[in-house]
Amino acid sequence: MLIEEEALRHWIENFYGYGSWHARFWFVAYEEGGGELPEDVADRINYFQAHHPESEGTLCDIRELYRQVALRWEGSKAKAYRTLYDYRFGEQAASNTVWKNLTAFEYAVRNEPPPSYIDYQKHTFASPALRNEAVLKLYPLPSAHHHGWYYSWLDLPGLKFIRSRTSYEEHVYPHRIQRLLINVKTFKPELVLFYGMSNINTLKASVQQHFPEAQFKLVKAIKRYIPQYHRVDLDGTVLLITTQIPTLRHNRIETGFDWEAFGKSVKS
């Protein structure tokens, strides 16, 4: 399956993630995951162009999009899961550690007991109708990991900027951060968490351009407990920026931070 230029352009310009802008909690990842194969990218962008032809910052239903992404795996998992939906939301869904930790963080901020994490993942997390979470992406292209860049081989005359990660990020950042911060002003979520960010100072400067009175506070890490983060309060919205990604832990204190404790510290 080929990656078509117009479908990819529409995705880059208009895909911002999943859920609802009206959600209480916005979780902003550095970039969209996936993209190990060009067919994976094509499945996503073709669905998005067909079902979300509108422009200016669209959020879609993660469960509906994941139904369209085939899993082209080999080995035992190839028989267990047909689509990305089966893998994350089906009866035998595998737990997503990032979503689990974000849910633990959210419920600590809410000062409520955490739910069954796998049930919450399968039925509730990032549901547009329930408006609990928006799962957003600072950069839209699916990328398998932060050290690889699989778009350098694409020969698309109108999208030459994607041939390198640096030129791509420089090209799309101004418009995307503007749209995200305009929507913070418009929808006033309870909390916005930018996680896994490598451009902390650039992000802080962008926030202060849109909110001139914003004053960030640095909260230092507590080793193996709470990650270091930058906090600013914006007219009813708490905005946090951290370099850390909510992975690992698995009840092992040596493998990461306690994101429930992180949420409690933000709440306090």
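A: A residue is called buried if its relative accessible area is under 20%. Keep in mind that this is a predicted model.

Q: OK, so is Thr 83 buried or exposed?
A: Thr 83 has a relative accessible area of 4%, so it counts as buried, the cut-off being under 20%.

Q: Where does Thr 83 lie?
A: Thr 83 is in the loop between α4 (76–80) and α5 (84–89).

Q: And what is Thr 83 in contact with, neighbours within four places in sequence aside?
A: Tyr 66, Arg 67, Val 69, Ala 70 and Leu 71.

Q: New topic. How many aromatic pairs does the structure hold?
A: There are 26 aromatic pairs. In one of them, the rings of Tyr 18 and Tyr 66 have centres 6.1 Å apart and planes at 85°, so the pair is edge-to-face.

Q: Which parts does that pair tie together?
A: Tyr 18 belongs to strand β1 (residues 15–19) and Tyr 66 to helix α3 (residues 62–67), so the pair ties together parts 48 residues apart in sequence.

Q: Are these two buried or exposed?
A: Tyr 18 is buried, at 1% relative accessible area, and Tyr 66 is buried too, at 10%.

Q: What cluster do ring pairs make?
A: Ring pairs link Trp 11, Phe 15, Tyr 18, Phe 48, Tyr 66, Tyr 85, Phe 89, Trp 99 and Phe 125.

Q: What sits over the ring of Tyr 85?
A: The charged end of Arg 67, 3.9 Å from the ring centre. Elsewhere, Arg 176 lies over the face of Tyr 16, at 4.1 Å from the ring centre.

Technical notes: Residues are numbered from 1 along each chain as its sequence is written. This is a predicted model: local features need pLDDT of at least 70, side-chain atom pairs count only at pLDDT 80 or more; totals for chains, interfaces and linings use all residues. Side-chain values use heavy atoms; hydrogens and water are left out. Helices (H or I, at least four residues) and strands (E, at least two) are DSSP runs, numbered from the N terminus. Buried means under 20% relative accessible area, exposed over 50%, partly exposed in between (1.4 Å probe, protein chains only). Contact means heavy atoms within 4.5 Å. Rings of Phe, Tyr and Trp (its six-membered ring) pair if their centres lie within 6.5 Å; planes under 30 degrees apart count as stacked, over 60 as edge-to-face and the rest as tilted. A charge sits over a ring if NZ of Lys or CZ of Arg is within 6 Å of the ring centre and within 35 degrees of the ring normal.
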